[in-house]
Amino acid sequence: MDSFSSPSVGSSPKFSTEDLMGQLKVQLAQAYAEEFLETVRGKCFEKCITKPGSSLSGSESSCISRCVDRYIEANGIIGRALFNAQR
Amino acid sequence: MENSPEFQQLITQEREKAMVNEMIAKLTTVCWDKCITGTPGSKFSSSESSCLTNCAQRYMDMSLIIMKRFQNMQ
């Protein structure tokens, strides 16, 4: 990812390890969230907007809300399934 | 301090966490397509949620088989 730069050794202001790790974690979380959102957009468009009209209908809007909730729930189910399988 | 072993270890941990999250995200896209065939409801049916669990676990079983088979070919 080029969304964060690595300080060149010896010439940068001295960031503590904590500062650097904090920045890294924030960047990673943001990149992950954006990628996740992009996936949700794709999946829910596919499921809910079968014939795009001149505006979003009420049923399309509520489908989208449910879809987002279910997708996030599915992500949790998958995560737990993977870590219950490793004993 | 970027070269310190402590920092390197923290980087390694973050990389592993990122890889795990990536695996979960990827499996969710695959298993969503396999298991959620209709319009999303206000909750999952029990067959949908067990499908998702089974999907993730069978995928991991499959990964193991593929790895072993591939290793046997080396």
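Colleague: Does A:R70 count as buried or exposed, and at what relative accessibility?

Modeller: In this predicted model, A:R70 meets A:E73 in a salt bridge between their side chains. Buried means under 20% relative accessible area. A:R70 therefore counts as buried, its relative accessibility being 8%.

Colleague: Why are A:E73 and A:R70 separated by about one helical turn?

Modeller: The side chains of these two residues, A:E73 and A:R70, form a salt bridge with an N to O distance of 2.9 Å. Both belong to helix 2 (residues 58-85) of chain A, and their separation is about one helical turn because they are three residues apart.

Colleague: Which residue forms a salt bridge with A:K43?

Modeller: Side chains of opposite charge can pair when their charged atoms come close. For A:K43, the closest N and O atoms of the pair are 2.8 Å apart, and the partner is B:D33. This pair crosses between chains, from helix 1 (residues 17-48) of chain A to helix 1 of chain B.

Colleague: Which residues are linked with B:E14 in a network of salt bridges?

Modeller: B:E14 lies in helix 1 (residues 5-35) of chain B and is buried, with a relative accessible area of 9%. The side chain of B:E14 makes a polar contact of 3.1 Å with the side chain of B:K17. B:E14 also touches residues of chain A, including A:K25. The residues linked with B:E14 in the network are A:K25 and B:K17.

Technical notes:
Residues are numbered from 1 along each chain as its sequence is written. Chains are lettered from A and ligands numbered from 1 in the order in which they are written. This is a predicted model: local features need pLDDT of at least 70, side-chain atom pairs count only at pLDDT 80 or more; totals for chains, interfaces and linings use all residues. Side-chain values use heavy atoms; hydrogens and water are left out. Helices (H or I, at least four residues) and strands (E, at least two) are DSSP runs, numbered from the N terminus. Buried means under 20% relative accessible area, exposed over 50%, partly exposed in between (1.4 Å probe, protein chains only). A polar contact is a pair of N or O atoms within 3.5 Å; within protein, one must be able to donate a hydrogen and the other to accept it, and residues adjacent in sequence count only if both atoms are side-chain atoms. Contact means heavy atoms within 4.5 Å. A salt bridge is a side-chain nitrogen of Lys or Arg within 4 Å of a carboxyl oxygen of Asp or Glu. Lists of a residue's contacts leave out its neighbours within four places in sequence.
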